Each structure stands twice: as C-alpha cells, then as structure tokens.
Amino acid sequence: PQADTAAGAAAGAAAGRALAVIVFAALQQLAGLPVDDWLRLRADAQRVDPNPLFQSGSPLAGVTFAFMFAVPVASCAQLAGVPWLPDARPFPGAPGCVLRLLVAPLSEELFFRAWLLMAFERAGGSPTTGIIASAALFGLFNVPVSAVLAGSSALLVYEMLGAYLAFLYQRSGGSLPFVFIVHA
C-alpha cells in the first residue's frame, strides 16, 4: 500500500509539472512572447563557446559536464566533513524515476534556463546577472524554506548547480537538450 501511494504521488507530481509547463507556455504565447522565441531545442551556432568541450554539439557531452560538477563538489564536501548524501531510501518505482529523470529536469530547464535566462537577456541584463538570478531562484525552488532556516547546506549546493547549469546553457549557445542531460 505504501508503494502504491508513493507511485501515485510521483505520477501526480509528474502530471502536475507537465500541465504547469503547458499552461506556462500557453500564457507566454497569450502575453505576446511566442514559445519559439525562448524555447530552442538546438544551440545557436553563433553563440556556442569556441572551447572544444562545447563544440561537439552532442547533448550526450552533458554527461561529461555532469561529472565535472559532481566530482569536485562531492570531494570538497567529503574532505570538509559536510554531509552531502541524502539518507538511504528505497529505489523509486517507474513513476518516481520518470519524475526524477525526465519530467523534473525538463520542466526546471524549460523555466530556469530557457525562459528565465532569455527574459533577462530581453530585459537588457548581463549574462552574469542572469546566471546569478537563475541560480538563486533555482536554489529557492528546490530547497524548502524550513531546511534553509535550519541551516542546511542544500541551498548552497542547489544554487551552485543552478549557476553551473545556467553557465553551461549560455556557453552551449542555448542548447536545452545539453543542459537537460547534465541536470538529469
């Protein structure tokens, strides 16, 4: 019964996020900001960083960047004695996996990178301002206020991840599949 409840909750959360993305895109369209102005599935070749790590054009290169973030963060946390791994819990069922590996990363990348960074760019903000704002909001979205008030270091980790993903999004020429792979 408990597994059925968790699966139902995960399926409901996945459906809720998917519906939220659809409603958000529709509202943007109604507000005069067509989805194709901010949602790019391909990198803008003129904006791709000349660094060879960004030149492959493959979203699977994101796996490399995921390790480039995770290994140093985990190593520093381990050396500093900061608990960085969550407590053990049962492996999620199929709905939980779909939520954690597909729906959550996709919906968060659509909003925090594709839409929010483009909004800052359209408003005349600098790339650095966009990265900082996106990172701060991403951290606040993912960490409950109660955890922040209790002194959890999770907010800092999520803000670092948000800044890293925003940086990669900008350097990859706005490649949503690329940052989605890194996030997932």
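Student: How many salt bridges does a search of the whole structure find?

Tutor: Side chains of opposite charge can pair when their charged atoms come close. In this predicted model, the search returns 4 salt bridges. One of them joins the side chains of Arg 17 and Glu 108, with an N to O distance of 3.1 Å.

Student: Are Arg 17 and Glu 108 buried or exposed?

Tutor: The two partners are to be read separately. Arg 17 has a relative accessible area of 24% and is therefore partly exposed. Glu 108 has a value of 4%, which means that Glu 108 is buried. The cut-off behind the second reading is that buried means under 20% relative accessible area.

Student: Where do the partners Arg 171 and Asp 49 lie?

Tutor: The side chains of Arg 171 and Asp 49 form a salt bridge at 3.3 Å, N to O. This pair links distant parts of the chain, 122 residues apart: Arg 171 is in helix 8 (residues 154-171), whereas Asp 49 is in the loop between helix 2 (35-38) and helix 3 (52-55). Arg 171 is partly exposed, at a relative accessible area of 31%.

Student: How is the salt bridge between Arg 113 and Glu 109 to be read?

Tutor: Here the N to O distance is 2.8 Å. Both residues are in helix 5 and lie 4 residues apart, which means a separation of about one helical turn. Arg 113 counts as buried at 0% relative accessibility, and Glu 109 likewise counts as buried at 0%.

Student: Which residues is Glu 109 in contact with, leaving aside its neighbours within four places in sequence?

Tutor: With those neighbours set aside, the contacts of Glu 109 are Ala 114, Leu 165, Leu 176, Val 179, Phe 180 and His 183.

Student: What can be said of Ala 25 by way of comparison?

Tutor: Ala 25 lies in helix 1. Its relative accessible area is 18%, and Ala 25 is therefore buried. Apart from neighbours within four places in sequence, Ala 25 is in contact with Val 35 and Trp 38. The C-alpha atoms of Ala 25 and Ala 11 are separated by 21 Å, the two residues being 14 residues apart along the chain.

Student: At what angle do helix 4 and helix 9 cross?

Tutor: A helix pair may be described by its axes, its handedness and its contacting residues. The axes of helix 4 (residues 62-80) and helix 9 (residues 176-183) come within 8 Å and cross at roughly 45°. Helix 4 is therefore oblique to helix 9. The crossing is right-handed. In helix 4, Gly 62, Val 63, Phe 65 and Ala 66 take part, and they meet Phe 178, Ile 181 and Val 182 of helix 9. By class, this contact has 6 nonpolar residues, 1 polar residue and no charged residues.

Student: Is helix 4 roughly parallel or roughly antiparallel to helix 8?

Tutor: The axes of helix 4 and helix 8 come within 11 Å and cross at roughly 155°. The two helices are therefore roughly antiparallel. Their crossing is right-handed. Phe 65, Met 68, Phe 69 and Val 73 of helix 4 meet Val 157, Met 160, Leu 161, Tyr 164 and Leu 168 of helix 8. By class, the contact has 9 nonpolar residues, with no polar and no charged ones.

Student: Which residues make the contact between helix 5 and helix 6?

Tutor: The geometry may be taken before the residues. Helix 5 and helix 6 (residues 127-142) pack at an angle of about 150°, their axes being 9 Å apart. Helix 5 is therefore roughly antiparallel to helix 6. Helix 5 passes helix 6 in a right-handed crossing. The contact residues of helix 5 include Glu 108, Phe 112 and Arg 113, and those of helix 6 include Thr 129, Gly 130 and Ile 131. By class, the residues of this contact divide into 9 nonpolar, 4 polar and 2 charged.

How values were computed:
Residues are numbered from 1 along each chain as its sequence is written. This is a predicted model: local features need pLDDT of at least 70, side-chain atom pairs count only at pLDDT 80 or more; totals for chains, interfaces and linings use all residues. Side-chain values use heavy atoms; hydrogens and water are left out. Buried means under 20% relative accessible area, exposed over 50%, partly exposed in between (1.4 Å probe, protein chains only). Axes are lines fitted to C-alpha atoms, for helices over the stretch in contact, and angles run from 0 to 180 degrees between N-to-C directions. Angles under 35 degrees count as roughly parallel, over 145 as roughly antiparallel, 65 to 115 as roughly perpendicular and the rest as oblique. A crossing is left-handed if the near helix is turned anticlockwise from the far one by less than a right angle, and right-handed if clockwise. Contact means heavy atoms within 4.5 Å. Ala, Val, Leu, Ile, Met, Phe, Trp, Tyr, Cys and Pro count as nonpolar, Asp, Glu, Lys and Arg as charged, and the others, Gly among them, as polar.
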